[in-house]
Amino acid sequence: MDFHTTVGRAQRLQQLHSDFKPLVLPTVWDVWSARTAVGAGFPALTIGSHPLADSRGAEDHEGQTFEEVLAAVTPIIAAVDVPVSVDLEAGYGQSPADLIAGLIEVGGVGLNLEDTVHSEGGRMRTTQEHAEFIGGLRAAADDAGVPIWVNGRTDLFQNAEDPSGVLEQAIERLLAMQRAGADSVYPVSIQDSDDLLAAVIAAVSVPVNTTAHPVRHDLERFRRLGVARITYGPLLQFAMTDAMKHVLEPWSSEAHAPRE
C-alpha cells in the first residue's frame, strides 16, 4: 500500500475515535470476515491474533512469527478501504522500530501491544518496561510520519485471582502507558464488571478499550459506562462458530443416522 494512503487511513482512524463514543472495531481474521464487517457498515476494523491464528491452524500467543503475521494481514488490509489495526501481541521479539516499519509497509494503521511476553515463558513486563516499549512505538511512528494508533494492553486483571485486588496496580500501569504515548488503553477481562470498568475509565484520560461478545453484551451498557472503544477479541469468531454449528447441525451425518 502506498505511503499516502496509509497516512490517510491513520488520520481517519484518529478521527473515528473522536466521532464515535464508543468506536466499535469488529475483530476480523481473513478477507471474507473483513469484507463482511465493512459491508455491515463498520468504518474501521482490527485483526485479532487469536482468530487470525485459528484461521491459519496456528497457536495464539505468538505461535506465528512477525513475518508470518505480516504476510497473513497484507491481503486483509488490501481487501478493504477502511483503516485496519493489527494485534501484535507482545511484539514477537522485535524492536518497536521494526514493528512500526513492518506494520506501515503492509498498510496497518493501528496496533495492540500487550504486556505478557509469550516468547519468554509468559512473564509479564514490568510497568516501566511496558511503558518504555509503548514509548518506543510512539517515537518510531512519529519518526515515520504516520500517526499509528497505539492501543496499550495489560493482562493484570486477566491473570489475577481477584481482579479487584490489582486495580491500583493496573491503573498505575495504564497511566504509565498513557504518559508514554498510548492513544488508548486496554485492560482485558473486566468487560463484565461495571465497577472495574468505571474505575479505570475515571482514572485515565485516553479512551479505554474493552472486549465485547457481539451477541451476549449490550452496546448501550458500555456507552453508559463511558467505554470509548470496543473490540471483540476472539468472541466474534466464537459467535460465528456457534452460528455455523446451528445452521449445519440439521444437515449433519449424525442428524440423519439410521435409527434402530
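Modeller: Helix H2 passes helix H4 in a right-handed crossing. Keep in mind that this is a predicted model. The contact uses Val31, Ala34 and Arg35 from H2. From H4 it uses Pro75, Ile76 and Ala79. Sorted by class, the contact of H2 with H4 has 5 nonpolar residues, 1 charged residue and no polar ones. How is such packing described? Two packed helices are described by the angle between their axes and the distance between the axes. Here H2 spans residues 31–39 and H4 spans residues 66–79. Their axes come within 9 Å and cross at roughly 25°. Angles under 35 degrees count as roughly parallel, so H2 and H4 are roughly parallel to each other.

Now the charged pairs. The whole structure holds 10 salt bridges. One of them joins the side chains of Arg153 and Glu114, at 3.7 Å from N to O. This pair links distant parts of the chain, 39 residues apart. Arg153 sits in strand E8, while Glu114 lies in the loop between strands E5 and E6. Are these two buried or exposed? Both Arg153 and Glu114 are buried.

Arg153 also forms a salt bridge with Asp155, with the closest N and O atoms 2.7 Å apart. Asp155 has 1% relative accessibility, so Asp155 counts as buried. Together, Glu114, Arg153 and Asp155 are linked in a network of salt bridges.

Another salt bridge joins Glu120 and Arg123, at 2.6 Å from N to O. Glu120 is partly exposed, with a relative accessible area of 46%. Arg123 is partly exposed too, at 31%.

Terms used: Residues numbered from 1 in each chain as written. Predicted model: local features only at pLDDT ≥ 70, side-chain atom pairs only at ≥ 80, totals over all residues. Heavy atoms only, no water. Axes fitted to C-alpha atoms, helices over the stretch in contact; angles between N-to-C directions. Helix = DSSP H or I, 4+ residues; strand = E, 2+ residues; numbered from the N terminus. Parallel < 35°, antiparallel > 145°, perpendicular 65-115°, else oblique. Left-handed = near helix turned anticlockwise from the far one by under 90°. Contact = heavy atoms within 4.5 Å. Nonpolar A, V, L, I, M, F, W, Y, C, P; charged D, E, K, R; others polar. Salt bridge = Lys/Arg side-chain N within 4 Å of Asp/Glu carboxyl O. Buried < 20%, exposed > 50% of the residue type's maximum accessible area, 1.4 Å probe, protein only.
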